[in-house]
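This briefing concerns the arrangement of secondary structure and the surroundings of one side chain. Please consult the sequence and the structure shown here.

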Amino acid sequence: MAEQEPPLPAPEIAEIATRDIAQLTGKKPLGATSVMPTDDGWTVEVEVVEDRRIPSSTDMLALYEVVLDLDGELLSYRRTRRYVRGVGDSGSGLS
């Protein structure tokens, strides 16, 4: 049996996940950083401004993992990482 193509394209899924995170957290999303199809739907990572600071280079950001079904309905979400803007993936950010 051939693998079925998801009914929604990745850009639309990213938009849905970003909108859902904004509604659920009340925080401003910066955008999707990854969109990955799964057997049952999609996993999307969304970067969010958790805490605005002055200067903005010290803003606290977070990465949320959003799980959607094939129709784009939210199944779950969780914050996977918190870090200061501009801090690389070296692991020196806050978790």
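With which side chain does the side chain of glutamate 50 make a polar contact? The partner is the side chain of arginine 82, at 3.4 Å (a polar contact is a pair of N or O atoms within 3.5 Å; within protein, one must be able to donate a hydrogen and the other to accept it, and residues adjacent in sequence count only if both atoms are side-chain atoms). This is a predicted model, in which local features need pLDDT of at least 70 and side-chain atom pairs count only at pLDDT 80 or more, while totals for chains, interfaces and linings use all residues. Residues are numbered from 1 along each chain as its sequence is written, and side-chain values use heavy atoms, with hydrogens and water left out.

**Glutamate 50**
- Glutamate 50 is found in strand S2 (strands are DSSP runs of E, at least two residues, and helices are runs of H or I, at least four, numbered from the N terminus).
- Glutamate 50 is buried, with a relative accessible area of 11% (buried means under 20%, with a 1.4 Å probe and protein chains only).
- Beyond its neighbours within four places in sequence, glutamate 50 is in contact with residues including Lys27, Tyr64 and Arg79 (heavy atoms within 4.5 Å).

**Sheet**
- An open sheet is formed by 4 strands in the order S1-S2-S3-S4, with antiparallel pairing (two strands pair if DSSP finds at least two bridges between them).
- S1 and S4 (74-84) stand at the edges with a single partner strand each, so one side of each lacks a neighbour in the sheet.
- S1 (residues 28-37) and S2 (residues 41-51) are joined by 8 bridges, and a hairpin connects them through 3 residues.
- Between S2 and S3 (residues 60-69) there are 10 bridges; glutamate 45 has glutamate 65 in S3 as its bridge partner.

Definitions and conventions
Buried means under 20% relative accessible area, exposed over 50%, partly exposed in between (1.4 Å probe, protein chains only).
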